[in-house]
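Welcome! Please take a look at the model below, and then let us walk through it together.

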Amino acid sequence: MTNQELITHFYTSFASGNAEAMAECYHDDILFNDPAFGTLKGEEVSNMWRMLLERSKGDLKISFSEVKAKETSGSAKWEARYTFGQTGRKVINRISAEFEFENGKIIRHTDHFNMWKWSRQALGLKGLLLGWTPIITKAVQKQTNKLLKSYIQKRNEN
């Protein structure tokens, strides 16, 4: 599979809700970063996607475009449409992804999106007023990482 096909497979799997197929695209030493979770490593990354897909309960629409890849790096644009669970507000998040590859797998995955735009949609007035500040980013990361730790703990108990 080429690196471009690998990215396409990753997002096709995401769009169909298949977290296990997404996880297979990652190197064991995957390093992920985005504004909502901060930096995650290894199995945390696959568990993040598992958790997000499970928590969405089918209310997550993924589309992607502009998939590009070279020998060691690649990129894509993707969009997530969903209802933010804490507030019940509709969100359309447009994301730019960057990838690095090693041994036919994704070893680095970085998602970039505008936290202020996201927080305005997800959090309403609070996001509008504070979404551009590090306060919101830190609060969101604290909450998402707490949810992820709880998810991983429950998964390991089963």
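Helix 3 (residues 43-56) lies across strand 1, strand 2, strand 3, strand 4 and strand 6, where contact means heavy atoms within 4.5 Å. Helices (H or I, at least four residues) and strands (E, at least two) are DSSP runs, numbered from the N terminus. This is a predicted model, in which local features need pLDDT of at least 70, side-chain atom pairs count only at pLDDT 80 or more, and totals for chains, interfaces and linings use all residues. Residues are numbered from 1 along each chain as its sequence is written, and side-chain values use heavy atoms, leaving out hydrogens and water.

Here are the two helices with their angles, which run from 0 to 180 degrees between N-to-C directions of axes fitted to C-alpha atoms, for helices over the stretch in contact.

| Helix | Reference strand | Angle |
|---|---|---|
| Helix 1 (residues 3-15) | strand 3 | about 175° |
| Helix 3 (residues 43-56) | strand 1 | about 65° |

Now for the sheet: six strands form an open sheet in the order 2-1-6-5-4-3, with mixed pairing; pairing requires at least two DSSP bridges between two strands. Strand 2 (38-41) and strand 3 (60-69) are at the edges with a single partner strand each, so one side of each has no neighbour in the sheet. From one strand to the next, the twist averages 20°. Strand 1 (residues 26-34) pairs with strand 2 in the antiparallel sense over four bridges, and Asn33 has Thr39 in strand 2 as its bridge partner.

His109 counts as buried because its relative accessibility is 0%, buried being under 20% relative accessible area (1.4 Å probe, protein chains only). Not counting residues up to four places away in sequence, His109 touches several residues, including Phe10, Trp49 and Phe99.

How values were computed: Buried < 20%, exposed > 50% of the residue type's maximum accessible area, 1.4 Å probe, protein only.
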